[in-house]
Amino acid sequence: MMTALIIKDIATLKKTLLLSFVICIALSVYAIYSKTLIMIPLMCAFMPLILNSIAFGYDVQSKFEQFAFSMPIKKSSYVFSKLFFAFAFSLIASIIIFIYLFIEGSLGLDKIIILSLLSIVSINLLPAIQLPFILKFGAEKGRIIVMITFLIIFAISNLLKEKLGIIPNLIDTFSLYSFKMTTIGIIVLFLIVLGISIKISIKIMEKKQY
């Protein structure tokens, strides 16, 4: 059922999704050319927020939730489906970053993997935190949350541009610990936050009346 929900969202956002991928590829090329690699995860973090906002808006207008939950569709499947775009864009960002850093050859393979994992975590983190709020307060107020999240991303982007040494410093910090422990720590922290978000989101859905 979750696959059907994802396919529904992709079909609904077909044109917007295609445009988003084109923009991501174009800006990724620019980020690599200008050597501002941090733009890639920031951009890929913002795209799923926009796509999810549009998808939620469509669900409300078409009263899709009432229709869906009159069928044997689990509310947990609905929640998981709304995390798909973030996961897809995080994979794109991590693959681009991995390939670029691997070809450049200035970092060891362990550090490249850590940075790729960090991009996956950071991109999935914001939509995961945002999801319970949109499910609780609805698509209209959810757009306000999207704008607030965008301002946070914009502020982080400006901060990182001012402190261009933050990535080398971050790498040096991780270098103090073993690759295995760092990788496990990143994955565990992300899974805890994601698990809490999913659990809260499912509870919110279960309390709603359709």
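Visitor: What share of the 210 residues in the protein chain is buried?
Guide: Buried residues make up 40% of them. This is a predicted model, so the figure is computed from predicted atoms. To count as buried, a residue must have under 20% relative accessible area.

Visitor: What makes Ser 90 buried or exposed?
Guide: Its relative accessibility is 0%. The cut-off for buried is under 20%. Ser 90 therefore counts as buried. This residue is found in helix α6. Ser 90 touches Ile 120, Ile 123 and Asn 124, leaving out residues up to four places away in sequence.

Visitor: Why is Ile 25 called partly exposed?
Guide: Ile 25 has a relative accessible area of 46%. Buried needs under 20%, and exposed needs over 50%. The value 46% lies in between, so Ile 25 is partly exposed. Ile 25 sits in helix α2.

Visitor: How do you know how α2 and α6 are oriented to each other?
Guide: Start with the angle. The axes of α2 (residues 14–33) and α6 (residues 84–104) cross at roughly 25 degrees and come within 12 Å. Angles under 35 degrees count as roughly parallel. The two helices are therefore roughly parallel to each other. Their crossing is right-handed.

Visitor: Which residues make that contact?
Guide: From α2 come Leu 17, Ser 20, Phe 21, Cys 24, Ser 28 and Ile 32. From α6 come Phe 85, Phe 89, Ile 92, Ile 96 and Tyr 100. By type, nine are nonpolar, two are polar and none is charged.

Visitor: What makes Tyr 78, Val 79 and Leu 135 stand out in the largest nonpolar core?
Guide: They touch the most other members of that core, which has 23 residues. Elements giving two or more residues to this core are α4 (64–68), α5 (75–81), α7 (109–162) and α9 (179–207). Apart from this core lies another, of 22 residues, including Ala 31, Phe 89, Ile 96 and Tyr 100.

Visitor: Which residues does Leu 135 contact?
Guide: Leaving aside neighbours within four places in sequence, Leu 135 is in contact with Phe 56, Tyr 78, Val 79, Ser 201, Ile 204, Met 205 and Lys 208.

Visitor: How many helices and strands does the protein chain have?
Guide: The chain has nine helices and zero strands. Among contacts between residues at least 6 apart in sequence, 79% join residues at least 24 apart.

Definitions and conventions:
Residues numbered from 1 in each chain as written. Predicted model: local features only at pLDDT ≥ 70, side-chain atom pairs only at ≥ 80, totals over all residues. Heavy atoms only, no water. Axes fitted to C-alpha atoms, helices over the stretch in contact; angles between N-to-C directions. Helix = DSSP H or I, 4+ residues; strand = E, 2+ residues; numbered from the N terminus. Parallel < 35°, antiparallel > 145°, perpendicular 65-115°, else oblique. Left-handed = near helix turned anticlockwise from the far one by under 90°. Contact = heavy atoms within 4.5 Å. Nonpolar A, V, L, I, M, F, W, Y, C, P; charged D, E, K, R; others polar. Buried < 20%, exposed > 50% of the residue type's maximum accessible area, 1.4 Å probe, protein only. Core = buried A, V, L, I, M, F, W, Y, C linked by side-chain atoms within 4.5 Å.
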